[in-house]
Amino acid sequence: MVDEGIVRTDQRNIIDVNGVNAPDGVVGPHREKEGSFFAIREIFSPIKIDLKELPTKFNGTVDVENRYHFNNLSQCFFQWELVNYRLPGETFTGSTTMKKSRVDSPKVFPLAKGKLKLGLPKDWKNYDALVLSAFDPQKNLVYKWTWSTGGNKQLLRNVLTLQDKEKQPIETNETDSTLTLKASNITVTFNKTNGHITGLKGNSGDKLSFGNGPILAAGQAKFTGLRRRTEADGEVIEASYQGDLKTVRWKMYGSGWLQLDYEYALQGDFPFTGLSFTYPENFVIGAKWLGKGPYRVWKNRLQGVNTDVWENAYNNTHTGAAPWIYPEFKGYFADIAWLEMNTVEGKFLVASPEKGLFVRLFDFYGLSGVKSSPDLPGGNLSFLDAIPPLGTKLALNIDANTKNLGPNSELNHLNGSTKRTLYFFFGLPKTTGTPQPYTVPAKNDLF
């Protein structure tokens, strides 16, 4: 684990890693509550659950480890919730609890391991996620774990509306230098000389400055051509390349959704992999997403974030430096199912039907110095399959040689091809879900 922020303590203010008595630490001799704070809280949680995702044949039993030295887990209590996440375009963030129940705590002695039987209802797979909360004998929240009950396709079932009930026409226009597709008042123009998006209008009819891509975050690609063809359910534009980028295929549906399928092949060690685009940072108001959050992550600091619908207003905070505005808006964010960007030009939405998508938001650094590090991909809005680790400050002597910090701090070792699909909607799409009313949440000491 690598600390991204600043630790400030004195004998009067000792940080409780469980966060119960931890001060806010905005200014003064306290710990800044950025991502590393919550990573420490997860790593040193006295109740440990290592389950990363629910197995295919999940039977409602979870392995649990008691890291207390004096408390039996029977003195603690657990509660599960089945939740549905809020949708893009809704006013509020978070999720709606559909069912919940307290769990009988198992008798697990200090420093021992045991089984926690949740007793879930038969229809538990019909909801978006399972949330499990653990509380100590004083009824303080120890930690909260969240697992999707299905894959991203299930999470997007009320978001992606590729086909309208009434089939909408798709207009095409081709010039010597451009190819243009238009559907449901969304217009996307591709440059025939480099394959990039060079013009775009959202469904409001207003210009959106998203484009200048896709470009490879790592590797080499030489553009060789662009061609269009018609399929039964949409218009397809395929870009061909020489080098590491094997496939780039765009498809516009009558609903206005734009699908991007791509494949690249890399061999060697790379700090990051994926595709990048560009959007003017000064046009950004904020971002809302379903994924890990609300804090950014690094390859060697993936802990301390939880899956939910989060929203961060734009800020230019650099960790450990004033102004103390957290969470940082810019950075790498993990396991994104959908991301809604709010800008002065309007909104646009990106969705991933496959798990494991990292999104890089704009230009930032982890370590400041003569040469800030780590390096960033090209563009400023990236969709990545791998992200870099973070080095250490070592009393202001920056050490970017992260491999000395352990296996998780090595560069990404690539040997083969990677495929991914992304969906874009420029504006606000129609959703099939019913907006949920807002309810005041119970006290949450975790975030």
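The following questions and answers go through a predicted model of one protein.

The model is a prediction in which local features need pLDDT of at least 70 and side-chain atom pairs count only at pLDDT 80 or more, while totals for chains, interfaces and linings use all residues. Residues are numbered from 1 along each chain as its sequence is written, and side-chain values use heavy atoms, with hydrogens and water left out.

Me: What is the mean pLDDT of the protein?
Reply: pLDDT is the predictor's confidence in each residue, on a scale from 0 to 100. Over residues 5–30 it stays under 50, although 87% of the residues in the protein reach 70 or more. The mean pLDDT of the protein is 89.

Me: How many strands does the protein have?
Reply: Helices (H or I, at least four residues) and strands (E, at least two) are DSSP runs, numbered from the N terminus. By that assignment the protein has two helices, and its strands number 25.

Me: Is K251 buried or exposed?
Reply: K251 lies in strand β15, which covers residues 245–252. Buried means under 20% relative accessible area, exposed means over 50%, and partly exposed lies in between, with a 1.4 Å probe and protein chains only. Because the relative accessible area of K251 is 6%, K251 is buried.

Me: With the side chain of which residue does the side chain of K251 make a polar contact?
Reply: A polar contact is a pair of N or O atoms within 3.5 Å; within protein, one must be able to donate a hydrogen and the other to accept it, and residues adjacent in sequence count only if both atoms are side-chain atoms. For the side chain of K251 the distance is 2.6 Å, and the partner is the side chain of D233.

Me: How many aromatic pairs does the protein have?
Reply: Rings of Phe, Tyr and Trp (its six-membered ring) pair if their centres lie within 6.5 Å, and planes under 30 degrees apart count as stacked, over 60 as edge-to-face and the rest as tilted. By this rule the count of aromatic pairs is 29.

Me: How many residues apart are W298 and F364?
Reply: W298 and F364 form a tilted aromatic pair, 5.9 Å centre to centre with 55° between the planes. The pair links distant parts of the chain, with W298 in the loop between β18 (284–293) and β19 (306–313) and F364 in the loop between β23 (358–361) and β24 (381–386).

Definitions and conventions
Contact means heavy atoms within 4.5 Å.
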